[in-house]
Each structure stands twice: as structure tokens, then as C-alpha cells.
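Here's a quick tour of this model for anyone about to work with it. Have the viewer open and follow along.

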Amino acid sequence: MVKVLIADKLSERAAEIFRERGIEVDEKPGLSPEEQREIIGEYDGLAVRSATKVTPALLEHADRLRVIGRAGIGVDNIDIPAATKRGICVMNTPYGNSITTAEHAVAMMMSLARQIPQADASTQAGKWEKSRFMGVELFGKTLGVIGCGNIGSIVADRAQGLKMRVVAFDPYLTEDRAVNLGVEKVTLDELLARADFISLHTPMTDQTKGIIDAAAIAKCKEGVRIINCARGGLVVEEDLKAALDSGRVAGAAMDVFVKEPAKENILFGHPNLVATPHLGASTSEAQENVALQVAEQMADYLVLGAVTNAINMPSVTAEEAPRLRPYMKLAEQIGSLAAQMANGGLSSIQVEYEGHAAELNTRPLTAIVLQGVLQPKMDSVNMVNAPVVAKERDIDVAEVKHERQSFYQSLMRVVLKTDSETYTVTGTLFGHKPRIVEIDSIQIEAELEGHMLYVENDDKPGFIGNLGTALGKAGVNIATFALGRASRGAGALSLIAIDDAVPEALLKDLHKLDGVRRVTALNFGTDSPAAG
Ligand SMILES: NC(=O)c1ccc[n+]([C@@H]2O[C@H](COP(=O)([O-])OP(=O)(O)OC[C@H]3O[C@@H](n4cnc5c(N)ncnc54)[C@H](O)[C@@H]3O)[C@@H](O)[C@H]2O)c1
Ligand SMILES: O=C(O)CC[C@@H](O)C(=O)O
């Protein structure tokens, strides 16, 4: 039975959904990394928030793991390259907590403007420090949004409701989108120079790490207020502390910290700091949304093969999945056949689609062709890691969609080049069954299954009889025999399904048959999706 581990505290709905979808689920939040390593080998799916660190050390023990679901947005607690290498799909829930987090950023901005947390503490301590807490209005002030994606754009919208001017720095924000959002797209320096409040909403990347440091703060208005509800490392905490001390930054509101959980931090205790413990996504609505979404997505993947919001593989909707399934089998078979026929180091793989196949979502199909090509040489390759493996090996991958009409309603072709030769295998679907219809421009009609022989020979009388006799003498039973030839008397080829593997000695004898050009043993293993 398919089994999922919920490793962090998620809304109860997640476990309910897994069970409704026939998936066994264990809820074990709060385990130590060592405890997680001990049990992870039992699971096909792992659902996390931000507490669990999905490291290469954990993944090394994850022999069954097929999918990691992050109930939230940031996947910086998951080692994506390590997961991809192991063929594990990683998905997040990009929109489920955006409104909640944007609202938290706005709440933080208001807290800064009116020092509400400090005033609350003082008032409840019995002081009545009316003159200490002089605030500033938001009306007419400029908010600088760094990173204007899902959350940044909601913050911008809410700020406009408060009659603030919004300037945004985001290299990927188009002018049109900026106009639609009602924000002014500016450079980072312009934003720093103009903003009264700055709110950070980028992911943590090499470009954004430390985007607010001493140099950036030096370009800000005197008395700027800074809000970070994105990721801790976006702000250099030591530089912010110095700027708070000098008064250059009038206030800072931090929901996220370089080191979390932040039990201690250089900023703590500063009178102009407002701090929350990574609460951006913590509303019941957002947690319900992300738990439900992550469980549905993971169940769709584990049960149907549908892929939604994956970070490391192409999407396949739940509606597409059943339509793609027979093509997936065909994709793996043509890839596998071409690879088993090929000699020499692979240099390029071109996957061509014609007719109905060209109208499908071809990215996952191409990934599966790559899986089929690479699997005969590597055990642990699948559609998640096959594109990465191909890239690592400098194999050039191309996808071509033909508009031309062909004899077949739907065709998929793989053209595989090695350093010495080119191999072409074309297949179609008869009903839902994959069929090979052409090999190197010779027409044939064959199903691929179990043990097979691929034979190339001179097209002359007696060859097939001799081949059959040789196999029969060795006790090898022929299950099916598919034959094709270029033209009378020219080269011919056959794909022969046999009941058992051909011993090495027999292969050598077959090579000695009069007129034989090539004999290759093929295997479309019964436990592989490429099996017929
Ligand atoms: N505090 C929390 O609990 C909490 C909750 C949800 C999300 N987050 C974090 O909030 C951040 C934003 O999430 P989102 O859903 O809006 O993501 P998003 O991907 O929708 O938006 C991120 C934006 O940042 C922009 N960006 C990327 N590199 C940039 C750069 N160098 N300079 C400026 N902009 C850049 C992107 O173009 C994109 O528009 C993420 O870091 C996420 O992890 C935190
Ligand atoms: O799970 C959380 O509480 C935080 C989530 C947040 O950081 C995210 O990136 O979605």
C-alpha cells in the first residue's frame, strides 16, 4: 500500500485526504533528523512545512520516496538537486498562504507605524506613556515592494487601499503587469531612495541574499522602516542592528530570521524592533488551504501520476494523466528500444511528435523517452531525474512537433545519435497499446515485451528458416516474429519475442548465420513501465 509520512504539523485535513484517496498515512511531527532517517525508507510520500530539513543525508535513506510535498511556498528546507537526482518529485503550494502572509506584512507595517507591540507592553505594564509612542501615518507614504510576485502584489494592492504610493523592484515584473497592479516599476536604487517603508517579498536566491545590507541601507531615506516576511537571509541582521542603533532605520519588523528557530538573535531587545516567530502563513485559513492542497497534489501524483506545482518536473493535470498514460508507455518503449540498439556514446536525442501526439502535453512524454533511453544503462533514472542526467552527460535533447499529416493518426519518433551512428525508432498506439511501426525507415509492426531479439540481415531466401532452426535447436521458443525490409533483396530486420533470455553462446552462433548483419538481445523487463 502507498504510504505517506507527514513530518511537520499540518492541518488534520491533510491526513483525512490521504486516507480518502486510499493512502496509508503516519503523522509524526517533531521527530529528530536521526529518527526521520530511521523510518523514511518506509514511505512513498513525505509532506512537510518548514521544520523538517530534507537533506541529502535524509534522502539517502529514502529508498521508496517518490514525492515530497511542501505545505507552503518556500522550498529552501528541501535539497531540490538531491531530490531530483534520486528521481523524487518536489511540489509546493504556491498560492494557499499568499493572502495570509501579505496580511501579516501589512499588520507588521502598521505595527511599525504606530509601535503597537511596544505600546501594548508598556500599557499593560501599568505605564501610561502617551507621549513616548508618537506614530506616523501611512496615508500618502511610499511603500517599496521588493519582489512583486504573489505576496508582493497583494501587499501592493492592500497598501493602495491605505492610499499609499507603491514602487516595486522586481526584475521579472513586466511593465504591463506593473500598470495592472497600479505600481511603479523602479530600480532597486530608486526604490531605496524613495521608500518610507520597504517590504521584502522575494525568494532567497544568490541575487537576493543580503539584498538589504549596510550599502543598501545607506541609500535609504533617513528613518525608513523595513518589513521582512519573506526569508531571513534577505536582510543582513548585523547591518540592520547598526542602522536601528544609529536611527537611520526607524523601525524593523521581522517575521523571519537567518537562523530559525530564532531563540536568540542580535536584533532582539531593540526598542524599535517588532518580531514574530515566522508567523506569516499562520492563519487557520492558510493552513487549511496548504494542507488540503499538498495532500491533493501528492495523492494525485501517487495515485494518478498527475503532477501539479512541481518544482523539478513538468506538470501533468489529473485530466491529462489518463490520456497521457498509454503514450507514456510508448515513450518509454521507443526510448528503450533505440537505446538498446545503439552503440557508442550518446550525443543527442530528438523526440518528434505527429498527429494527435503533437497536440498533447509533450514535456512529460519527452522526459519519459529520456527515462527509456537512459534506463538500460542506469537503474535509478525516472522522468524526474532523466532530463538532469541527460544534461549532466552533455546529451543534447530536442523536441519537434510536426504539423504534417501522416498515415498514422498519432506518431512518436526518437532519433538517437551516438558518436558513430543515428538510430530512429517510430511508434504509435493501436487502441491503447504501443506498437513499433518503423525502425531506421524500415516499416515493421511489433509489440515490445520481455526478452526479444533484434536482427538485421540480407534479404535472401532461407535466412529466417535458418534463424528459426538455430533458436529451436537451442530450445528458445519464439513467441512473436515481426519482419520488415527496405525493398526486395535489400536489408531486412526483425523483432522477435522469445520466451527466455538468449544465452551468450547462442548469440555468438546467431552472428555466424549466413547473411546476418547484426543480432542484439533486448529486454523490456516486466517490472518496468516499458514492459508490454
Ligand atoms: N513568512 C512566511 O511565513 C512566508 C509565507 C509564505 C511565503 N513566504 C516567502 O515569501 C516570499 C515570496 O513568496 P511569493 O509566493 O510571493 O513568491 P513569488 O515567486 O510569487 O514571488 C517572488 C517574486 O520575487 C521576484 N524576484 C526574484 N528574484 C528577485 C530579485 N533578485 N529581486 C527582486 N525580485 C525578485 C520574482 O520575480 C517574483 O515576482 C518567498 O520567499 C516565500 O518563501 C514567507
Ligand atoms: O509553514 C510555515 O509556517 C511557513 C511557510 C512559509 O515560510 C512559506 O514559504 O510558505
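Ala 253 counts as buried, because it has 26 C-beta neighbours inside 10 Å and 20 or more is what it takes. You'll find Ala 253 in strand 11. Bear in mind that this is a predicted model. The rest is sorted by topic below.

- Leaving out residues up to four places away in sequence, Ala 253 touches Met 108, Ser 111, Leu 112, Ile 227 and Val 274.
- Ala 253 and Cys 229 sit 24 residues apart in sequence, and their C-alpha atoms are 8.2 Å apart in space.
- Leu 200 belongs to strand 9, which covers residues 197–200.
- Leu 200 is buried too, since 26 other C-beta atoms lie within 10 Å.
- Once neighbours within four places in sequence are set aside, the contacts of Leu 200 are Ile 146, Gly 147, Ile 212, Ile 227, Asn 228, Ala 230 and Leu 234.
- Ile 227 turns up on both contact lists, that of Ala 253 and that of Leu 200.

**Domains**

**Ligand 1**

- Ligand 1 has 33 residues around it, and the ones that come nearest are Gly 74, Gly 147, Gly 149, Tyr 172 and Gly 280.
- By class, that shell holds 14 nonpolar, 16 polar and three charged residues.
- Domain 1 and domain 2 each put at least three residues into the shell around ligand 1.
- Which helix gives the most to this shell? That's helix 7, with three residues.
- Helix 5 (98–114) and helix 7 (150–161) each supply at least two residues of the shell.

**Ligand 2**

- The residues surrounding ligand 2 are Arg 49, Ser 50, Gly 72, Ile 73, Gly 74, Asn 97, His 278, Gly 280, Ala 281 and Ser 282.
- Sorted by class, they come out as two nonpolar, seven polar and one charged.
- Gly 74 and Gly 280 are in the shells of both ligands: they're listed around ligand 2 and are among those that come nearest to ligand 1.
- His 278, from the ligand 2 shell, has a positive phi of about 50° even though it isn't a glycine.
- His 278 lies in the loop between strand 12 and helix 12 (284–304).
- Is His 278 buried or exposed? It counts as buried, because it has 20 C-beta neighbours inside 10 Å.

**Helix 13 against helix 14**

- The axes of helix 13 (residues 320–341) and helix 14 (residues 362–374) come within 7 Å and cross at roughly 35°.
- The crossing of helix 13 past helix 14 is right-handed.
- On the helix 13 side, the contact residues include Leu 324, Tyr 327, Met 328, Ala 331, Glu 332 and Ile 334.
- On the helix 14 side, they include Pro 364, Leu 365, Ile 368, Val 369 and Leu 370.
- Taken together, the contact has 13 nonpolar, five polar and one charged residues.

**Backbone and loop spots to check**

- Glu 260 and Pro 261 are joined by a cis peptide bond, with omega at about -5°.
- Pro 261 lies in the loop between strand 11 (249–254) and strand 12 (273–275).
- Asp 440 is another residue other than glycine with a positive phi, near 45°.
- Asp 440 is found in the loop between strand 17 (433–439) and strand 18 (442–446).
- Asp 440 is partly exposed, because 19 other C-beta atoms lie within 10 Å, and buried would take 20 or more.
- Glu 60 is found in the loop between helix 3 (56–59) and strand 4 (67–70).
- Glu 60 also counts as partly exposed, because it has 13 C-beta neighbours inside 10 Å.
- Glu 60 and Arg 86 are 26 residues apart along the chain, and 8.7 Å separates their C-alpha atoms.

Notes:
Residues numbered from 1 in each chain as written. Chains lettered and ligands numbered in written order. Predicted model: local features only at pLDDT ≥ 70, side-chain atom pairs only at ≥ 80, totals over all residues. Near = placed C-beta within 6 Å. Nonpolar A, V, L, I, M, F, W, Y, C, P; charged D, E, K, R; others polar. Helix = DSSP H or I, 4+ residues; strand = E, 2+ residues; numbered from the N terminus. Domains from an automatic or database assignment. Axes fitted to C-alpha atoms, helices over the stretch in contact; angles between N-to-C directions. Left-handed = near helix turned anticlockwise from the far one by under 90°. Contact = placed C-beta atoms within 7 Å. Buried ≥ 20, exposed ≤ 12 C-beta atoms within 10 Å, placed from the backbone.
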